[in-house]
Amino acid sequence: MKTWKKGMVAVTSTAALVLAGCGGDSSGGDGDNEIVVGGKPWTEQFILPQIIGQYLEANSDYDIKYQEGLGEVSILTPAIDNGDIDIYVEYTGTGLKDVLGLDSEVGESAEDVFNRVKEGYEEEFNVTWLEPLGFENTYTLAYTEDSGISAMTYSDLAELSKSQDLVFGAPHSFYERQGDGYDDLTSTYGFEFSGTESLDANIMYEALRNGDVDVIPAFTTDGRIERFNLQMTEDDMGFFPKYDAAPLVRMETLEQFPDLEELMNALAGSISEEEMIAMNARVDIDGDRAEDVARDFLIEKGLIEE
């Protein structure tokens, strides 16, 4: 039995319905040259499929089909396992803890985490991890400057939660995550929040700024942290593992398209944390389209022609 099914059995039927129009054959798409690129339903994961897809379209004869916003890891893991999609970007810590159900060690190197998830996915799903894109998107527990909270670390926040009425807000998926989600976080640090709110990942920052919640697990590559002057805290007990972003690809897809791995690995190390933050901010704050932001990035990097 595959490890991910322990935490995802309840969504399997939902995933099947969502993916009904995606194909379902062993190579993802319906056409001989079709590659299906998927993504999660939040800003960064709308941009990354466009970066991958537009890059492949410009540098190969592949017919790219987009499934951005398809779902969280509970949807995407069975999707790529079953061949409904061929590629999507995942984060190493998510693969390690939430999918494979493996423990992380405090201070474990990014390379060690990557090697463990690569081996685990190849054994469990016949899916491999290609070279990381160059940035990490981890969590930071954030609060507003005018909230009255004064905390530098998660431990500081945990102590405050025992004496102040602090409401925690997070995406629904964060409460469901195994190993690196809400239950394990609060147990590790001893948080005693007075309440919790389930919020869409794309609106939890506004909820925090509006005072609807007091603390959120902000993504460190989200441009709203700086633009909204949010205060970040340090994971002083090393609860979260490394979350390096890297493309996942079905191994059958790589066999079908022998030049795909080399093409994809040209994107390795091409996106810095600062660049990802800036791209996210363009969409979330400036209102630009994800596909335009992706195209501008690829042109600037010389990966496609204008």
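**Exercises: a helix face and ring pairs**

The buried residues of H15 pack against helix H3 (43–59) and helix H14 (273–284), where contact means heavy atoms within 4.5 Å. The model is predicted: local features need pLDDT of at least 70, side-chain atom pairs count only at pLDDT 80 or more, and totals for chains, interfaces and linings use all residues. Residues are numbered from 1 along each chain as its sequence is written, and side-chain values use heavy atoms, leaving out hydrogens and water.

**Exercise 1.** State which residues of helix H15 are buried and how they are arranged around the axis.

*Solution.* Step 1: buried means under 20% relative accessible area, with a 1.4 Å probe and protein chains only. Step 2: helix H15 spans residues 290–300; helices are DSSP runs of H or I with at least four residues, numbered from the N terminus. Step 3: Ala290, Val293, Ala294, Phe297 and Leu298 are buried there. Step 4: seen down the axis of H15, these buried residues fall within an arc of 130 degrees, so they line one face of the helix. The arc is taken from the directions from the helix axis to the C-beta atoms.

**Exercise 2.** Classify the ring pair of Phe168 and Phe174.

*Solution.* Step 1: rings of Phe, Tyr and Trp (its six-membered ring) pair if their centres lie within 6.5 Å; planes under 30 degrees apart count as stacked, over 60 as edge-to-face and the rest as tilted. Step 2: a search of the whole structure finds 22 aromatic pairs. Step 3: the centres of Phe168 and Phe174 are 6.0 Å apart and the planes are at 35 degrees, so this pair is tilted. Step 4: Phe168 has 0% relative accessibility and counts as buried; Phe174, at 1%, also counts as buried.

Technical notes. Buried means under 20% relative accessible area, exposed over 50%, partly exposed in between (1.4 Å probe, protein chains only). Helices (H or I, at least four residues) and strands (E, at least two) are DSSP runs, numbered from the N terminus.
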